[in-house]
Amino acid sequence: MEHDTIAGIASGMGGGIGIIRVSGNNSLRIVGEIFATKKFVHDNTLREDSWDKDFFFKKDSHTIHYGFILDDDGTIVDEVMVLLMKSPRSYTCEDVVEIDSHGGPFLIDKILKILMHHGARLAEPGEFTKRAFLNGRIDLAQAEAVMKLITSKNAFALDSAIKQLEGRVSKYIEKIRQEILDNMAYIEAALDDPEHYDLNGFSDKLYVKVHEEINSLQELLDNFENGRMKSEGIRTVIVGKPNAGKSSLMNLLLDEERAIVTNIAGTTRDILEERVQIGNLVLNLVDTAGIHDTDDFVEHLGVEKAMEYLEGADFIIYVVDSSAPLDEADEKIISLLAGKSGVILFNKSDIDSVLELRDLKDKIEWDCIFFSSKTGDGLDKLEKYITECFLEGNISFNDQIYLTSLRHREAVEEAVESLYQLLNTIEDGMPEDFYIVDLMDAYKYLGLINGETASEDLVNKIFKDFCMGK
Amino acid sequence: MSYTYESYDVVVIGAGHAGCEAALAAARLGCKTLVFTVSIDSIAMMPCNPNIGGSSKGHLVREVDALGGEMGKNIDKTYIQSKMLNTSKGPAVHSLRAQADKKDYSREMRRVLENTDNLVIKQGEVAEIFVENEQVTGVRTASDAVYPCKAVIMCTGTYLKARCIYGEVSNNTGPNGLSAANQLTACLDKLGIEVRRFKTGTPARVDRRTIDFSKMQEQKGDKKVVPFSFTNRPEDIEREQVSCWLTYTNQQTHQIILDNIDRSPLYSGDIKGTGPRYCPSIEDKVVRFSDKDRHQVFLEPEGNYTNEMYIGGMSSSLPEDVQYAMYHTVPGLENASIVRNAYAIEYDCINPVQLKASLEFKDISGFFSAGQSNGSSGYEEAAAQGIIAGINAARKLAGKKALILDRSQAYIGVLIDDLITKGTNEPYRMMTSRAEYRLLLRQDNADLRLTEIGYEVGLISQERYDALCEKRAMIEAEIKRMQKTTVGAGKEVQEFLKKNKSTLLQSGTTLAELLKRPELSYDILSEIDKDRKILPDDVCEQVNINLKYDGYIKRQERQVAQYKKLENRKIPEDINYDEVYSLRKEALQKLKDFRPASVGQASRISGVSPADISVLLIYLEKYNKEL
């Protein structure tokens, strides 16, 4: 049911803790039942048994009211400012009441509970935005960007989400869409008024243009991976043979004991994934079971997953136990790392090293950092290395435009596919009216990103740009 | 004093291109039909351009013919030049256009009307439509005669409160000085029908003897003529053709227009109606497309009987003296004498969103409307609506379900769906770009698409239907044969391919596969296709198109299947949109006003967003479950 009344902490944008948002067609009634203005309150207690529960119905939209939240016994819970926004002039287009409490998490929780008691339901993550979208308040791209904001824990991702809100992706896509529309309009004008506009040499020009468009869109797709790293964190996998110190490293990075740290080989039973912030980057840290052949079923599952995770890794930290010589397990791991990017952690450097650095250097061309999982020596170097690697390495974050959702990527991929189809159509020497089939497909797919439909665009464009008819 | 006259099943108001088709369809389907016209001498008159068809309009004419209408037959009888446009492009955009002898066209159509059973023609103006309990009961003429009837089809074209304007001259007449119909608008208002004011225009006509054709390019007709009507063979209608002539405006022309633009009623604000963007007056073209240093001008004969020539491309409402000066700057027209001035015409029309897809008013049972009075423009668009309104009036009286063609079946379906769903802010013209499934809606297959429907409706004879079935069977058999017939990489085949600049074969393939190559065709392949029987030209054409564009046709068929899904999601008539909670206010209002018949139609209403459609679908899902 979409039309029930929901309440939640409006903390999406930069942690505005203290604001509770209530939205839905009963929000005025519900908040009215638990809110009293100052004239009903004396010395922090309710002066009368009844107060004006229709208060918000009588007030204008976009007004602020000072008063008190009361619990079911009429006891004052908090002193608040209430902002009233009536449908449709609110974020969700529904009746919205926002309660600005001074309170910390405890009071906020209490107020929410009271609201639930009066018929509101706790909002699901992103539900306000979903309603805003469903009610046509914001478009799909904006809605998705807001959703990203809500879940983003990353300064970069925040930046990306905001840029998307500003419509950078939209604008970029829109530019290509307009080019496509221009070309369709020209073809249609020539089809409609062949005695006036002709298509001689048009296909050659279009062929070149479409190539450019494909390249631009392809670039966007390539950047998708970067966009994902930024908004979802860089997927970082820690590998190493059993007991090399992987879990200890993870705990050091996390700064609290969450992974199971033990010196018994093979006790890291399943994949652990944690987020950690290094500078401006978020790492999605994946700890793996030690990679070795085992008959233990659970252990086995871990290994399989580990291999899978390696495939999807953006960055790999290979932890090597320097107190033992390289063995078969190491060889096996190294063989899996070929062609991937990462760093070697030369662990247990506080103990006399058995392993020589050059033993490794022969096998893998990664940089090596000396490290002690016991003392934490070298951790700062690792953090610096990762930051440098991503920020100053080959991948530039700064001026590119990112597709940040899978849905967007799919739409762009479909559009690219249609444009390739168009190249085939041109190569096959098909008549120009067939170009429209592919162009229109590409146009519609790109339109999905901004949630726009194509229906009247083409006809309007033809009339605008071409002097038609007799 | 009003008095009651004879009663009829169907009364058609107006005998223009919509009215003629509507009246003929209703009468042929057995309804006792009365058609009113302000002048018997102007039945099926062509007050503007002297041609029928053209891009996408030609499609409409062939569709009207395939359903059993008259326009195609009539232009075949009376054309004086015929041309297939866009032959270098794909088959979907080939468009037939014919110059008509206007007087002949009108006379021949009148002859057909006069000789159709159940059909009575009456000169007169309808002043009032009687409605009782939201049901049409009759009409009253300006002379106060009352004709009881069960259905009314309004085809008033540009005649409602018509006003013709050029410069400061303004006459309250319909086109060509015919009387306007001044009374009906008040009745429409009273019936609660939203009426709007549109504008269109026509260029001057000049005396052929005063034109210097040596300064113009001759435009001849096609040597091999394609008939509009599927009932005619090319050889049946061959005749000598006349030429049209092409010339251009120039800077001098444009300067004269710009110097006098303040004297144009369009710019002075005297004309308030909304004009069409696709058919702008020359002053509009010069102002809006100021970067163009010249515009095309076509000189087209009005008929064999007359010296009048139509100046296509230069419609205008500038004052007479400016018209003279302007036309005289055009090469070849320096000494042209103007027979009739150019003028703009304003008229009342209805907002077509008040109609159902059957062209019946949503709120008045038995009241239909078709043609330019629905906000369209063009003879062909009018005829297309006319035949549908005529058929549906007859079906309604017979208690049958309305005939509705959808967007995947016909240009007629696109036209009507656009009008009733999207509405229009200007006189609406058909365009091929409006048809999303145009690869399937070709002018060459209109009979295969629609003649069976025409037969079921009752406008197509058994004989014609049998011929269609035979044609279809021949096409299918030949396609199958081509798909099955293999060709090896033998010497003869390779020689043939070499000769036609086509890649040589590595291994065997089928004739159907070879036909897909751009440089080959069904016709060319006959050389290596020893078993081929001689088939009619129209069958060969279908085989060629269907095999050659197979991939694209299949793609469109898949799109149509998608489209049909939403189209088939019917919305119950008693739906209470207020219950569909999350609809945005605008969408709620629009859906309440339009009352769309399907989710597909709802999705095309402007102001209804994809989110609203999702919400609606969810609601319908729930609604259906609760049933």
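## Domain spacing and backbone features in chains A and B

The C-alpha centres of domain 1 and domain 3 of chain B lie 47 Å apart. The model is predicted; local features need pLDDT of at least 70 and side-chain atom pairs count only at pLDDT 80 or more, while totals for chains, interfaces and linings use all residues. Residues are numbered from 1 along each chain as its sequence is written, and chains are lettered from A and ligands numbered from 1 in the order in which they are written.

In chain B, the assignment places domain 1 at 205-344, domain 2 at 468-558 and domain 3 at 569-626; such bounds come from an automatic or database domain assignment.

In chain A, the loop between β7 (76-85) and β8 (96-101) holds Pro88(A). Strands are DSSP runs of E with at least two residues, numbered from the N terminus. The peptide bond from Ser87(A) to Pro88(A) is cis, with omega near 0 degrees. Cys93(A) also belongs to the loop between β7 and β8 of chain A.

In chain B, Glu134(B) sits in the loop between β8 (126-132) and β9 (135-141). Cys93(A) has a positive phi although it is a residue other than glycine, and Glu134(B) is likewise a non-glycine residue with positive phi. Their values are listed below.

| Residue | Phi | Other C-beta atoms within 10 Å |
|---|---|---|
| Cys93(A) | near 70 degrees | 22 C-beta atoms |
| Glu134(B) | near 60 degrees | 12 C-beta atoms |

Cys93(A) is buried, whereas Glu134(B) is exposed. A residue is buried if 20 or more other C-beta atoms lie within 10 Å of its own, exposed if 12 or fewer, and partly exposed in between, with C-beta atoms placed from the backbone.

Key
Helix = DSSP H or I, 4+ residues; strand = E, 2+ residues; numbered from the N terminus.
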